[in-house]
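Hello,

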Amino acid sequence: MPTFTDGSILIVESEVPVLFFWKGKTLTTVHAKGYAATAYPRSTGSSDEAAVRALNLVLESLEDSKAENIVTIDIAGKSALGDFMVVVSGRSNRHVMAIADHLITDLKDEGFGNSRVEGLEGGDWVLIDTGDVIVHIFRPEIREFYNIEKMWAAPEIEDGTLH
């Protein structure tokens with residue numbers, strides 16, 4: 001079982017997302033195969049202010065890149081993954097990769113550090129995780145197939161309504 005110099009312990013089961021605390025910071029979910037080599041802290045500062053600032057930057061960058069069908073989903077309190085999820089479409093693989101590159105550059109330039117990026121090589125579906133905002137950039141047919149907006153649009157289930 002891996003341990004850190006401060007005595008923190010990382011417990012990871014294969015193929016299971018993990019959320020834990022390290023040095024007083026909540027770490028984002030890490031999808032690990034075996035043991036996770038690294039974990040990424042969420043944004044520093046006031047969580048709400050940082051999340052809104054990151055969201056505004058993301059939306060401006062996406063508009064500048066001519067991203068299409070931009071949908072913002074507030075997932076604060078619903079998921080430990082972040083505060084907001086943004087789903088957009090690009091017209092082609094090349095457009096998807098250009099949108100992602102532009103967003104990554106804008107995030108670095110504004111001091112949001114290195115975001116975690118998946119899928120940039122293929123250009124069908126790129127995921128960018130800033131810690132507070134998760135951005136999905138799809139080709140239209142891939143977006144339609146996975147339809148992740150529908151999954152997050154499920155109605156809230158109140159404790160008293162369970163049977």
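A residue is called buried under 20% relative accessible area, exposed over 50%, and partly exposed in between (1.4 Å probe, protein chains only). By that scale Tyr146 is partly exposed at 44%, while Phe145 is exposed at 65%.

The model is predicted, so local features need pLDDT of at least 70 and side-chain atom pairs count only at pLDDT 80 or more, whereas totals for chains, interfaces and linings use all residues. Residues are numbered from 1 along each chain as its sequence is written, and side-chain values use heavy atoms, with hydrogens and water left out.

Cores. A nonpolar core is a set of buried Ala, Val, Leu, Ile, Met, Phe, Trp, Tyr and Cys residues joined through side-chain atoms within 4.5 Å. The largest one has 22 residues, and Val58, Leu62 and Val86 are among those with the most contacts inside it. Another core, of nine residues, lies apart from it and includes Ile75 and Trp152. Beyond its neighbours within four places in sequence, Val58 has contacts (heavy atoms within 4.5 Å) with Val86, Leu103, Leu107, Val133 and Val135.

Rings. There are three aromatic pairs. Rings of Phe, Tyr and Trp (its six-membered ring) pair if their centres lie within 6.5 Å; planes under 30 degrees apart count as stacked, over 60 as edge-to-face and the rest as tilted. Trp125 and Phe138 form a tilted pair, 4.6 Å centre to centre with 35 degrees between the planes. Phe138 is buried at 0%, and Trp125 is partly exposed at 27%. Ring pairs join Trp125, Phe138, Phe145 and Tyr146 into a cluster.

Regards
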